[in-house]
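Student: I would like to learn how to read the backbone and the domains of a protein model. Could we go through one together, step by step?

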Amino acid sequence: MQHRLTTPVRRKDLAPLRAGDTVLLSGTVYTARDAAHKRMMELLDGGKPLPFPVGGSALYYVGPTPERPGEVIGSAGPTTSGRMDAYSPRLLDLGQAVMIGKGARNQTVKDAVVRNGAVYLAALGGAGALMAASVKELEVICWEDLGCEAVRRLEVEDMPLTVILDAHGGDLYESGPAAYLAGLEKKSEGEQP
Amino acid sequence: MRTISAAEITAAVARLCIRANTVLPADVAAALDRCRQSEPWPLAQETLGLLQGNLVQAKERDLPICQDTGMACVFVELGQEVHVAGNFEEAIHQGVRRGYGEGYLRKSIVVDPLRRVNTEDNTPASITVRIVPGDRCAVTVAPKGFGSENMSRLAMLKPADGVEGVKRFVVDTVRLAGPNPCPPTVLGVGIGGSFDKAAALAKHALLRPLDEPNPDPFYAALEGELLEEINSLGIGPQGFGGKTTCLGLAIETAPTHVAGLPVAVNVSCHVTRRATEVL
């Protein structure tokens, strides 16, 4: 099933999403990878505010290539999300609603997704040119010294994503391969005389 | 003795950095197409089609195929009749600096593994040189992304583990990697040598075109068996499920010690990049 979502999102917007569904996401998306997450934790430890409104927000784990003159963004596919596992639950508990990346998450993140009615969506890994096409605006909002890891505000239109973790405990990285293998088994049983 | 200037090497490396990052090698693109056609699972087939669409977008919009434009791994086969006029290694670093700048490629290298300050120009390159007969200089740039590099593994197996132990280790590596390395992957497998040699063999194996099996029929058969076993795991493109988990696999071997059986698996992604020029 395909859903259209616009950020900031509410918990009830995410409730119908199920692992394996596709999403076309529009609105503001903030970028942050390893180094930016580490600095966000330092801000929170110091009792300071985050560089963007976290309630209902979407964070994209991406470090784009530099944009050519006149272009909005360079190549912009997802990085491996598991490196953010140590930081994500704290942000989800503060109201972050959507994580965008690729690859497996640990149980602590899965629990935080369910607890907060959030979602984890996959962008196409290794398809940076395709993902870039949905980005209409880009602004570096802080930590420019981090280069490709600086926090950027993106305005996106119909960014194509796939639901990996839904708010009900679904995980496409488990159910997808299992469904394929079950399909194979069924097929070979059907071929028996 | 033939002289090649450092400037020629720099220019070649710069061109190769840009070409490798924007045009996928023909054998990898062909493998992607072949796998899409034989993929029985509809979602997986659709996903492979999107990855092919990305290659078209990259070409049309002059964008890198993937935003992780990698660590610049540079392999040089230097003819022993060649004299390089100037600083050979600096010429390569300069080529990477120029290519990553002019090509609007991402700078992903930190100067120190623990203090982590970006070098801002993607240098230094990781340079591997082999001295060969002749008066040519073959330069290959193979940018390596770290989503897949991080899923690579090495084991010092026992000789008694044998071929079954090697197979188990390779397949377990793919299973543990799951969706992280952007499947469908390409795998370089190094067997034998010493601890460091096995890893170097695995990395070098990624340079072999996917349509060229190992010249030794024993290892060609092992490559085929491993590929079949990996493509029955069900991980599929992007880990969403399906047959196509691995596009191709190359094994390289070296003599080893009576007491050892080192095996290394260098995991690469569907954007396995390499470009070569012969000077």
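Tutor: Let us begin with one residue of this predicted model.

Student: What is the phi of B:Y104, and where does the residue lie?

Tutor: As a general idea, most residues other than glycine have a negative phi, and most peptide bonds are trans. In this case, phi of B:Y104 is near 55 degrees, which is a positive value in a residue other than glycine. B:Y104 belongs to the loop between α4 and β4 of chain B.

Student: Which phi value does B:Q238 have, and is B:Q238 buried or exposed?

Tutor: B:Q238 is not a glycine, and yet its phi is positive, at about 65 degrees. You will find B:Q238 in the loop between α8 (217–230) and β8 (246–256) of chain B. B:Q238 is buried, because 31 other C-beta atoms are found within 10 Å of its own.

Student: You also mentioned peptide bonds; which residues does a cis peptide bond join, and what is omega there?

Tutor: Remember the general rule, that most peptide bonds are trans. In chain B, B:T123 and B:P124 are joined by a cis peptide bond, with omega about -5 degrees, and B:P124 sits in the loop between α4 (88–102) and β4 (126–132). A cis peptide bond also joins B:P183 to B:P184, where omega is about 10 degrees, and B:P184 is placed in the loop between α6 (162–177) and β7 (185–193) of chain B.

Student: Now for the domains: which residue ranges does the assignment give for chain B?

Tutor: The domain assignment gives domain 1 as 2–22 + 65–144 and domain 2 as 147–273. Taken over C-alpha atoms, the centres of domain 1 and domain 2 of chain B are 26 Å apart.

Student: How many residues does each domain bring to the contact?

Tutor: Domain 1 of chain B contributes 10 residues, while domain 2 of chain B contributes six residues. On the side of domain 1 that touches domain 2, α1 (6–22) and β5 (137–144) of chain B each supply at least two residues. The largest share of that side, four residues, comes from β5(B).

Student: What classes of residue make up the side of domain 1 of chain B that touches domain 2 of chain B?

Tutor: Sorted by class, that side of domain 1 has six nonpolar, two polar and two charged residues.

Methods
Residues numbered from 1 in each chain as written. Chains lettered and ligands numbered in written order. Predicted model: local features only at pLDDT ≥ 70, side-chain atom pairs only at ≥ 80, totals over all residues. Domains from an automatic or database assignment. Contact = placed C-beta atoms within 7 Å. Nonpolar A, V, L, I, M, F, W, Y, C, P; charged D, E, K, R; others polar. Buried ≥ 20, exposed ≤ 12 C-beta atoms within 10 Å, placed from the backbone.
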